[in-house]
Amino acid sequence: MANTKTLIAQAYSAFNRRDIDSALALMSENVSWPKASEGGRVAGKEEIRAYWTRQWKEFDPHVEPLEVIDRQGGITDVKVRQIVKSLGGDVLSDSEVWHVYTIANGLIERMDLKGSETSSDATPSKAFSRH
């Protein structure tokens, strides 16, 4: 669990610093990722790079892990506080949501949003949306 918590903390820290290379280094080559702001999914590191690059040109998300729960089968639930601001600094969204990670061989294989169409889990939650 300590390794998982460290991996998760490093991933969010890199994302919040806009350090794409450090974040992608924590993921498998064929990682699957939800496009929360656009809908659908991306697969692979270069698609995530392109998605995040587009996202950061439109708004400024900051995601802070609050709770990490290790489940069986390499599944980790992470409760996060997600603050999304306009590029001008106005708060568009401030919410707590759950991210669900599948981790294998010490790398992130998949991320899902609990309660969204990109996840098989039906727990209510909301992902940020563009305004």
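**Notebook: the sheet, its hairpins and a cavity**

I began with the sheet: six strands make an open sheet in the order β2-β1-β6-β5-β4-β3, with mixed pairing. For my own reference, strands (E, at least two residues) and helices (H or I, at least four residues) are DSSP runs numbered from the N terminus, and two strands pair if DSSP finds at least two bridges between them. At the edges I found β2 and β3, each with a single partner strand, so one side of each is left without a neighbour in the sheet. The twist averages 20° from one strand to the next; axes here are lines fitted to C-alpha atoms, for helices over the stretch in contact, and angles run from 0 to 180 degrees between N-to-C directions.

A note on what I am looking at: this is a predicted model, in which local features need pLDDT of at least 70 and side-chain atom pairs count only at pLDDT 80 or more, while totals for chains, interfaces and linings use all residues. Residues are numbered from 1 along each chain as its sequence is written, and side-chain values use heavy atoms, with hydrogens and water left out.

**Entry: the overall plan**

I counted 3 helices and 6 strands in the protein. From the N terminus on, I read the elements as α-α-β-β-α-β-β-β-β. Of the 131 residues, 43% are buried, where buried means under 20% relative accessible area, exposed over 50%, and partly exposed in between (1.4 Å probe, protein chains only). I also looked up contacts (heavy atoms within 4.5 Å). Among those between residues at least 6 apart in sequence, 46% join residues at least 24 apart.

How many bridges join β1 to β2? I found 3, and the two strands run antiparallel. W33 stands opposite V42 in β2. Helix α3 packs on the sheet and touches β1, β2 and β3, its direction making about 45° with that of β1.

I then stopped at A43, which sits in strand β2 (residues 41-43). A43 is partly exposed, with a relative accessible area of 44%. Leaving out residues up to four places away in sequence, A43 touches V31 and S32. I also checked A43 against N30: they are 13 residues apart along the chain, and their C-alpha atoms are separated by 5.9 Å.

**Entry: walking through the hairpins**

β3 and β4 pair in the antiparallel sense over 11 bridges, and V63 has Q82 in β4 as its bridge partner. Their hairpin has 4 residues between the strands, and G73 there takes a positive phi near 70°.

Next I followed strand β4 (residues 75-86) to β5, which it meets antiparallel through 11 bridges. I75 stands opposite T102 in β5. This hairpin of β4 and β5 has 4 residues between the strands, and G89 takes a positive phi near 100°.

Then came β5 and β6, antiparallel and joined by 6 bridges. Y101 has M111 in β6 as its bridge partner. The hairpin has 2 residues between the strands, and N105 in the turn has a positive phi of about 55°.

Most residues other than glycine have a negative phi, so I made a note of two residues here. R18 is not a glycine, yet has a positive phi of about 65°. I located R18 in the loop between α1 and α2 (20-24), where R18 counts as partly exposed at 26% relative accessibility. Is N105 buried or exposed? At 78% relative accessibility, N105 counts as exposed, and its place is the loop between β5 and β6.

**Entry: the cavity**

Searching the whole structure, I found 2 cavities of 30 Å³ or more. On a 1 Å grid over the protein atoms alone, a cavity is a set of points where a 1.4 Å probe fits but cannot get out, and lining residues have an atom within 4 Å of a point. Grid points are joined across faces, edges and corners, and a volume is the space filled by probe spheres set on the points.

About 210 Å³ of space lies in the largest cavity. Its lining has 18 residues, of which F15, W33, W52, H99 and M111 lie nearest the centre. Two or more lining residues come from each of α1 (2-16), β1 (27-34), α3 (45-58), β3 (59-70), β5 (91-104) and β6 (107-113).

What is the lining made of? I found 15 nonpolar residues, 3 polar and no charged. In this sorting, Ala, Val, Leu, Ile, Met, Phe, Trp, Tyr, Cys and Pro count as nonpolar, Asp, Glu, Lys and Arg as charged, and the others, Gly among them, as polar.

Terms used
1 Å grid on protein atoms, 1.4 Å probe; cavity = no way out; pocket = protein on both sides within 12 Å on 5 of 7 lines; lining within 4 Å.
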